[in-house]
Amino acid sequence: MASHDTISEKRFSSYNQGSYANMHHNADDFAREEHKGLEGYFPEHSSNSRTSLITSVKMIWLQYRAWTLPVVLSLFLVLWSWPVTSSTVADDATLASPSESFVLAAAEPPRNSTGLTDAVQWDNYTLFINDQRVFIYSGEFHTFRLPVPDLWLDIFQKMVAAGLNAASIYIHWGLTNPAPGVIDFDDWRALQPIFDAAKLAGIFIVLRPGPYINAETTAGGIAHWATSLVASELRTNATDFKEAWTPYVEGIAAAVKPNQVSSGGPIIAVQIDNEYSQTPIQRAEYFAQLERSFLDNGVVVPLTYNDPNEGRNFINGTGAVDIYGLDSYPQGFDCSHPRDWRPVVLNYHQYHEQVNPSQPWYIPEFQGGSFDPWGGPGYDACELLTGPDFQDVFYKQNWASNAKLISYYMLYGGTSWGGIPFPGVYTSYDYGSAIRESRALSPKFDELKRQALFIRSSPEFRKTDWIGDTSTGIPGVTLNGSAAFVTLLKNPDTGSGFFIVRQNNSTSTALTNFSLTVPTSVGTLTIPQTFNSVALNGRQSKVILTDYTFGSKSHVLYSTASVFFAGTIGGRDVLFLFGDSDQSHEFSFTPSGKPTIRPTESNVKLSKDGSSTLVSVLPGSTGLVTVWESDAQLVLFSDPVTAATFWAPVIPSTDNSTPLKNFWQFGSNTTVLVGGPYLVRNATITRSGELALRGDLNDSAILTVIAPPSVKSVSWNGVRVPTDFTGNSGSRAIRTGHLSLSSDIESITPPTLTDWKFADSLPEIKPGFSDADWIVANHTTTNITTKPIFGDGRILYGCDYGFCENIVLWRGHFNATGSETSANLAINGGSAFAASVWINDQFISSTSGGSETNAIYTFPEGSIHEGADNVITVIQDNMGNDEDSNEKSQRGITGFKLNTGNFSVWSVQGKVGGYLEYPDKARGILNEGGLFGEREGWHLPGFDTSTWTSRSLSDGLPSGGAGFDSINQPYRAILFVNGWHFGKRVANMGPQTKFPVPQGILDYNGKNTVAIVLWALENTAVSPSLDLIFDNVLDGGVGSIAVNNPPWKSRLTI
């Protein structure tokens, strides 16, 4: 167990010759320190299509073309200087970009809407939110995989800090609707805290509530009870399935209604189900039912769909949605060879033009990492497979397809704790994401930020026409360099050009050079002009700009360097470019104002180029370089690493009547640049002129600030930081200071987990144990698709008795005649499952591997009691239900027979209370299984272990000694932290050995309890170990984190 923000105490529990162990430790000494840180087209109308709208200015133009032009031009001239939104932050903390809404009005194609609200509209380019064109740049985050509501703001703040403006969020039906008619939006299942945190952070939400979500989660998110109680095929228009999902969808819609952007909330779209087919008609009608339910219950924002690849589903016809999109995972899900790439997808633009050209091009899921299966290479390999070079090439290829709504799956993966995962994955859902499971920022986060801030800074990039590429030819453009591939996107109103260049062979690691001959506002140019070519160092992509506007009135003729930031800060137009330090770069811009600083670095050259200044940056340039500073402009250049140390936090509007005051472009266009800290979470400018920054440090750092002149002082996390301009060669734009890491943070060390206690957790194999209170497994019919393969007609599927998840126990009774020598059992637990089998009190063997095993279990000599009741006990680890078409998974005993004779009674026990009466409502339906210790609540804080036996965890179980290698041992372990099932270790399969646990599960200011269930699969010694480690300690954090760890209470039903 580990995390960069993890502290744990303990309690240990062990099982199979089965056992529990427990220990308490008080965290008061160190927790008080640790909690400081860490922290022109009409749409094709379908049966449910909504009203197509045309803007009022456009309608006037069409109806009164002869006289309207002077009026429109007048509107244009008057409104050109209006800000996109008003802001009253500080007198000269001015806008980062001019308004473009009326600049584009005469040229824009007609808009569409749902017909229920104009707050969200769209054309063939982009969405419009509150009448502003917007490029949606998003990431996926599942709040149920981080069951600490106070930490959701942490993820949202990091997403906004990276430059994203939206988050895609799945809601899990099975977790929020644990039993028929029971809707549970309490605790970490609550929806309102999601929307509140998003609004506070300034990020829009695309809500994806299913009912089916996939997400590598059990049954793809379908409620477990529905997999057994619904007789009809799931995900169709069947009456009983509709009755099953209706309360859940109505509950979702009720929560969505007041939180839509039309009501000042963050929700801009709701997705219908996920990854499906429009045929047969029953499926299409199921979608139509869902859409009608959302609409009837107050959802007015667009309804969307995520197609698995280029399936052409739900664009037109029954069940069609407002905005169609597809998902794409070009590298697949095998991280074993992370440097072996598949090529980019080449036809996305053409596909979009064929299937839904009147809608913006939407990719609801693009590969942001990969899941890793049991026995896989681990998530560090997945991060490498989809690392910064992958982002650079593949994400920009999406731009080249003219996609303007893109979401990366996952942005933060989190933890598939308890019974959340489907059988194909283990506890960690890290996904190799930009934000790792521990919430640490990875190198992928830096690349994401470099891209996202460019998009945020570039209003002209929101509306582009696809002009052509290397395969089709581009009018007026010549690419010199056969190994390169270029696509041209062009803004039809301003003429800005965006040449997206990569290797022709997108998997190539070779060094490639190219030049471009392109049309510009001053005529045809060959770029670059001062050196021979632009380099692509292997798996690299670049955006070459022409006629690019930055700030309020500044102009770049062209640039081979990349834009990190462009905008206006305090009346000064700011351009921040970057490029690799081992390459040459060139750009030409029109200078403005009297220069106060020019570069002194020998490898940065300025020369006159007509009315422009040509800047050449030679190899070797590192750090931050001021290329040009005047009272009107600031032009900076750095290497990519330095650029990634900068942040551009939104300065919120001080107008509290503005619902979206924290949202870039919609509430504020004011920002500053801050370099140095690990993370800048937010910033405000007070009326007294203090720039108040909040964020995290992982080390002491030089603070670099570019802020409006109205800023007189700077503070960091509430502490004043002295800053001045003296370190910047006379600059009046860049001030510096120093941030020091707290000495308290540096002194934090993790405790050692000692004083373990042990208890046996398998009384079911002891003589005299009574299962009279268990459920008798006597069903003879089942709604589960796959029927038993042999037996006497009884159904032994856990889901049919309310026990779908985690460990389930079965006991089969028979009266022995003396001739019984074996039992044939087929056991199904899903991929990577295991089961152990006893006859009476004697262990026979364990089985594992695959989804189902079929074996003969031979009774040991002397184990049968002739003329008496004998019991076969089976402990089965349910790894979750399958996804897609097999959500009705046959988990349990799929075949049973004695070599002679018959079983009299079968009984089954899973988690206490089944679907309806499970006692731990806070942690929820999927937290516990059916072990005796779980049923008794031994894993919960406050359980009395004073009568337990002292025993070290590394000593293993009492039946055998220790000393085996700690890797690949035949055991399974379940980790409970303060009662939360936060890890499953399968030692003989792997790969997971480290289990991040977040604050909020861990109590940084009190006692913590760790319990371990230890299950030995063989009669051999095992020697597990558990250490508490810190991956990293940060000084800062998101704020106070509430703990919700309900303690033990007596459970009468076991």
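**Entry 1: the largest pocket**

I sorted the lining of the largest pocket by residue class and got 13 nonpolar, 14 polar and 13 charged residues. My classes put Ala, Val, Leu, Ile, Met, Phe, Trp, Tyr, Cys and Pro under nonpolar, Asp, Glu, Lys and Arg under charged, and the others, Gly among them, under polar.

I note that this is a predicted model, where local features need pLDDT of at least 70, side-chain atom pairs count only at pLDDT 80 or more, and totals for chains, interfaces and linings use all residues. Residues are numbered from 1 along each chain as its sequence is written, and side-chain values use heavy atoms, with hydrogens and water left out.

I looked up the volume of this pocket, and it is about 760 Å³. A pocket is an open set of points on a 1 Å grid over the protein atoms alone, with protein on both sides within 12 Å along at least five of seven lines; a cavity is a set of points where a 1.4 Å probe fits but cannot get out; lining residues have an atom within 4 Å of a point. Points are joined across faces, edges and corners, and the volume is the space filled by probe spheres set on them.

Which residues lie nearest the centre of the largest pocket? I found Asp446, Glu447, Arg450, Pro640 and Val641, out of 40 lining residues. Three helices, α12 (388–400), α13 (443–457) and α14 (640–644), each supply at least two residues of the lining. The largest share comes from α13, with 5 residues. Helices (H or I, at least four residues) and strands (E, at least two) are DSSP runs, numbered from the N terminus.

**Entry 2: α12 against α13**

I followed α13 to its contact with α12. Their axes come within 9 Å and cross at roughly 30 degrees. Axes are lines fitted to C-alpha atoms, for helices over the stretch in contact, and angles run from 0 to 180 degrees between N-to-C directions. The two helices are therefore roughly parallel to each other; angles under 35 degrees get that label, over 145 is roughly antiparallel, 65 to 115 is roughly perpendicular and the rest is oblique. α12 passes α13 in a right-handed crossing. Right-handed means the near helix is turned clockwise from the far one by less than a right angle, and left-handed means anticlockwise.

From α12, the contact takes in Pro388, Gln391, Asp392, Tyr395, Lys396 and Trp399. From α13 come Pro443, Lys444, Glu447, Leu448, Gln451, Phe454 and Ile455. Contact means heavy atoms within 4.5 Å. I sorted these residues too: 7 nonpolar, 2 polar and 4 charged.

**Entry 3: the largest cavity**

I went on to the largest cavity, which has a volume of about 190 Å³. It is lined by 19 residues, and Gly163, Leu164, Asn165, Arg456 and Trp664 lie nearest its centre. Which helix gives the most to this lining? I found α13 again, with 3 residues. By class, I read 12 nonpolar, 5 polar and 2 charged residues.

**Entry 4: α4 against α6**

I checked another helix pair. α4 (residues 152–161) and α6 (residues 192–201) pack at about 35 degrees, with their axes 9 Å apart. Their crossing is right-handed, α4 passing α6. On the α4 side I listed Trp152, Leu153, Phe156, Gln157 and Val160; on the α6 side, Pro193, Ile194, Ala197, Ala198, Leu200 and Ala201. The contact residues divide into 10 nonpolar, 1 polar and no charged.

Most residues other than glycine have a negative phi, and most peptide bonds are trans. I looked for exceptions. The peptide bond from Gly210 to Pro211 is cis, with omega near 15 degrees. Pro211 sits in the loop between β10 (204–208) and α7 (224–229). Asn214 is also placed in the loop between β10 and α7, and its phi is positive, near 70 degrees. The bond from Gly990 to Pro991 is cis as well, with omega near 10 degrees. I placed Pro991 in the loop between β54 (980–986) and β55 (1007–1016).
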